[in-house]
Amino acid sequence: MEPHDLETDRDGTPTPPSDEELEAFTLGLQQEILANPPFRCGISFHWNGSQDDAEQVSFHVQLQAVLLRRESPWLDFSSLKSIVFHADYEQGLRDASVRAGRDIVPTREPGGLSVAMLVHAADGCELVADAGLARGLLSQGTAHSDVSVSTLRHELCHVDDFQRKSRLWNNEWLKERLQGLRQTFFPMAESLWSEYYANRVSDGPLADAYLTGEEDMLAGAIRDAAQEIGEAILAYRFSHDMGVLAPLARRKVSFVAQSMGYVLGRYAARGLSAPRVAQLRETLQTAGLEDAFTRSRAELDRLFQSRASWTSTEDLAELERIWFRVMSAFGLRFEEISPDRVYVHVPFSQPCE
Ligand SMILES: [Zn+2]
């Protein structure tokens, strides 16, 4: 009999860890949670789960944070003030709105269903999540568990990103009143960056199933934006009501930016650059966004590499310029007359840029 290779079988597949190895690994994680907890904030539950369920969920959340930190040791979750799981997610967000002093509204764009959100405040952030996410963490080894773990990892990466921006941008981005073109394009660039970062850092084998869905969501967001903005432009020709057209275009293009962030983050984590599927490639081409896709990817990668030396919200200026051109591709050209006056041109022919 040949000696058995402990690391891999002869066909190269890893041997599953023994019970002893698994036990030692779990024990190591438990000790790490006790000795160096990834965060110390409380977790509250507004649901009909038992105390035991709640304790298990709390443990799983700590566990996922420790695992993430082992993969990416720079991760810092210390700005997390609290985690709330709510059976009525919308109510959870309304409660958070009261605490934050402003309206927190999840995206309602088609395909953009939200189950968890990080609420920013000057003194830290709060994670509000649907109780379904907590239930998913309890149903180990199922599709529900996979999506819950992936969502939780994604949100925890938002915490680290929030912490970095608060530190390096000195909170100016939360207080600063944006003016001129920045009022429109900074939030877009910031949302693109945030989703890119959260998906890039949280990506893992469990998320294999989501890439196709994210590519579909981006293609869908682009088609929806093109159609809705196109129709709103036609209506504008008669109404001359920019108060309807500009907010709609802002909302639609923002959702395209957010969706592109998901895809580009996952692409970056997996070493992909060009659109992987024909449908996305064609949609980008039709909308004139191939260049924006390539340039956003390159600029996001540059920002990722240099993220430790960011200094101000101006760090995102190049992304803002790219998305200014995206807005033009959808038919609206913004022009800053003065910091408090922006004129929006709606040319009859698509600008060639
Ligand atoms: Zn996100």
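Reader: What should I know about numbering and confidence before I start?

Author: Residues are numbered from 1 along each chain as its sequence is written. The model is predicted, so local features need pLDDT of at least 70 and side-chain atom pairs count only at pLDDT 80 or more, while totals for chains, interfaces and linings use all residues.

Reader: How many helices and strands does the protein chain have?

Author: Helices (H or I, at least four residues) and strands (E, at least two) are DSSP runs, numbered from the N terminus. Here there are 12 helices and six strands.

Reader: What does the radius of gyration say about the protein chain?

Author: The radius of gyration is taken over C-alpha atoms, and the globule rule is 2.2 Å times the number of residues to the power 0.38. For 353 residues a compact globule would come near 20 Å; the protein chain has 22 Å, which agrees. Along its principal axes the C-alpha trace spans about 80 × 50 × 40 Å.

Reader: Where do the domains lie?

Author: Domain bounds come from an automatic or database domain assignment. Here it gives domain 1 (24–176) and domain 2 (179–353). Their centres, taken over C-alpha atoms, are 26 Å apart.

Reader: How many residues of each domain are in contact with the other?

Author: Two residues are in contact if their C-beta atoms, placed from the backbone, lie within 7 Å. By that rule, 21 residues of domain 1 are in contact with 19 residues of domain 2. On the side of domain 1 that touches domain 2, α5 (143–168) and α6 (172–175) are the elements that give two or more residues. α5 gives the most, with 10 residues.

Reader: Is I229 buried or exposed?

Author: A residue is buried if 20 or more other C-beta atoms lie within 10 Å of its own, exposed if 12 or fewer, and partly exposed in between; C-beta atoms are placed from the backbone. I229 has 21 C-beta neighbours inside 10 Å, so I229 counts as buried. I229 sits in helix α8. Leaving aside neighbours within four places in sequence, I229 is in contact with L248, A249, K252, F330 and G331. G331 is 102 residues away along the chain, yet the C-alpha atoms of I229 and G331 are separated by 7.9 Å. Over the protein chain, buried residues make up 36% of the 353 residues.

Reader: Which residues have the most contacts inside the largest nonpolar core?

Author: A nonpolar core is a set of buried Ala, Val, Leu, Ile, Met, Phe, Trp, Tyr and Cys residues joined through C-beta atoms within 7 Å. The largest has 78 residues, and V128, A189, V253, W323 and F330 have the most contacts inside it. α9 gives the most to this core, with 12 residues. The core draws at least three residues from each of domain 1 (24–176) and domain 2 (179–353).

Reader: How does the span of α9 compare with the expected one?

Author: The expected span of a helix is 1.5 Å times one less than its number of residues. α9 has 28 residues and reaches 40 Å from its first C-alpha to its last, close to the 40 Å expected. After α9 comes G271, with a positive phi near 70°.

Reader: What is the phi of H240?

Author: H240 is not a glycine, yet its phi is positive, about 55°. H240 lies in the loop between α8 (210–239) and α9 (242–269). With 11 C-beta neighbours inside 10 Å, H240 counts as exposed.
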